[in-house]
Amino acid sequence: MALPRVTEIAHFLVERSLSLGGQAIDATVGNGHDTLFLARLVGPEGRVDGFDLQSDAIERTRAKTSHLPQVRLHHSGHERMDQYVIGPVNAVMFNLGYLPSGDKSIITRPVSTLAALDTAIDLLGESGVLTVVVYPAHEGGSEEANEVTRWFQDLPKDRFRVLHHGPLDDATFSRESPYLLAAWRGK
Ligand code: SAH
């Protein structure tokens, strides 16, 4: 049996914090998989705000979600999410790196990623979850992965629980494989 992908583990964690009528953010819309996943969990009474710098990603996902009143898509950097979202939110998902089917020169970058994480954690309500899938393999990816990992390590332990998940059986683990970081507000 294949191991679950880290993105599937992220979904498993988010499902526990998000229910009908809830509020969520997809910080990296890309192909829209997470936006659709979040929209299903919150239902028509909930709300999902999605962000992406690539207009193609926004337009493609808009076509897939136009029938879903709970979805709002923003062609904007995720570091400005607090200009569009009023918290508290129940879940925020990031999927870093580049969009495999898009412009590979548009990658998430440490400065804006860390700024967005600071904003996201402030929007997170009690028992809310923040998930980040990091990709160390592409150029610049390992620096970003390290900085994001340090950011999670520096979260105050009395207010957040933090999880790190990745394939330990993979010899190239720290250099290549994507891994998941997650934080919950609360004890
Ligand atoms: N690596 C993943 C996909 C990541 S998609 C995989 O392999 O499946 C990452 C998305 O983040 C891209 O669509 C890109 O346009 C977007 N992005 C990059 N910087 C951003 C920023 N500052 N704000 C919002 N989206 C950003």
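Which elements each supply at least two residues of the lining of the largest cavity? Hold that thought; some ground rules come first.

1. This is a predicted model, where local features need pLDDT of at least 70, side-chain atom pairs count only at pLDDT 80 or more, and totals for chains, interfaces and linings use all residues. Residues are numbered from 1 along each chain as its sequence is written, and side-chain values use heavy atoms, with hydrogens and water left out.

2. Back to the opening question: α1 and β4 each supply at least two lining residues of the largest cavity (helices are DSSP runs of H or I with at least four residues, strands are runs of E with at least two, numbered from the N terminus). A cavity here is a set of points, on a 1 Å grid over the protein atoms alone, where a 1.4 Å probe fits but cannot get out; a pocket is an open set with protein on both sides within 12 Å along at least five of seven lines, and lining residues have an atom within 4 Å of a point. The largest share, three residues, comes from β4.

3. Of its 35 lining residues, T28, N95, L96, Y98 and L99 are the closest to its centre. Two or more lining residues come from each of α1 (6-17) and α2 (33-42), and α1 gives the most, with three.

4. The second largest pocket comes in at about 200 Å³. Its lining includes L3, P4, R5 and V6, along with Y135 and H165.

5. On to the sheet: an open one of seven strands, ordered β3-β2-β1-β4-β5-β7-β6, with mixed pairing (two strands pair if DSSP finds at least two bridges between them). β3 (71-74) and β6 (160-165) sit at the edges with a single partner strand each, so one side of each has no neighbour in the sheet. In the parallel sense, β1 (residues 23-26) pairs with β4 (residues 89-95) over three bridges.

6. Finally, helix α3 (residues 55-65) lies across β2 (47-51) and β3, running at about 170 degrees to β3 (axes are lines fitted to C-alpha atoms, for helices over the stretch in contact, and angles run from 0 to 180 degrees between N-to-C directions; contact means heavy atoms within 4.5 Å).

Definitions and conventions. Points joined across faces, edges and corners; volume = space filled by probe spheres on them.
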